[in-house]
Amino acid sequence: MLGMIAAVLFFIAFLINAADISTNQTFSSVNVMLLGLTALALHVAGIGSAWPRRR
């Protein structure tokens, strides 16, 4: 699930950057990209995955 969220955030960051949309400092393309990287890192770490880990 977090992988799909990361993909959507990367796409939004690409659209903001490619269309040269002026946004405020909080919603800039770099900040959206960093949120996507955070979601991707959590996905790779196994947080939010559908399969629980058992020992």
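1. Throughout this note a residue is called buried when its relative accessible area is under 20%, exposed when that area is over 50%, and partly exposed in between, with a 1.4 Å probe and protein chains only. By that convention N17, with a relative accessible area of 55%, is exposed; N17 lies in helix α1, and its C-alpha atom is separated by 5.9 Å from that of S29, twelve residues apart from it along the chain.

2. On provenance, this is a predicted model, in which local features need pLDDT of at least 70 and side-chain atom pairs count only at pLDDT 80 or more, whereas totals for chains, interfaces and linings use all residues. Residues are numbered from 1 along each chain as its sequence is written, and side-chain values use heavy atoms, with hydrogens and water left out.

3. The secondary structure of the chain consists of two helices and zero strands, where helices (H or I, at least four residues) and strands (E, at least two) are DSSP runs numbered from the N terminus. Of the 55 residues in the chain, 16% are buried. Among contacts with a separation of 6 or more, residues 24 or more positions apart account for 50%, a contact being heavy atoms within 4.5 Å.

4. Helix α1 has 17 residues and reaches 24 Å from its first C-alpha to its last, close to the 24 Å expected at 1.5 Å a residue, the expected span being 1.5 Å times one less than the number of residues. Its buried residues are L2, A6, L9, A13 and I16. Because they cover an arc of only 85 degrees around the axis, they sit on the same side of α1, the arc being that of the directions from the helix axis to the C-beta atoms. On the other side of α1, M4, F14 and A18 are exposed, and just after this helix D20 takes a positive phi of about 55 degrees.

5. Helix α2 (residues 29-45) also has 17 residues, and its reach from first C-alpha to last is 24 Å, close to the 24 Å expected. S29, V32, G36 and A39 are the buried residues of α2. Seen down the axis of α2, these residues fall within an arc of 90 degrees, so they line one face of the helix. Just after α2, G46 takes a positive phi of about 95 degrees.

6. The C-alpha atoms of G36 and A6, 30 residues apart along the chain, are separated by 4.2 Å.

7. As for the surface, the chain exposes about 4600 Å², of which carbon and sulfur atoms supply 68%, with accessible areas taken from the Shrake-Rupley method. V30, which lies in helix α2, is partly exposed, with a relative accessible area of 48%.

Definitions and conventions. Areas by Shrake-Rupley, 256 points an atom, 1.4 Å probe, with all protein chains shown as cover.
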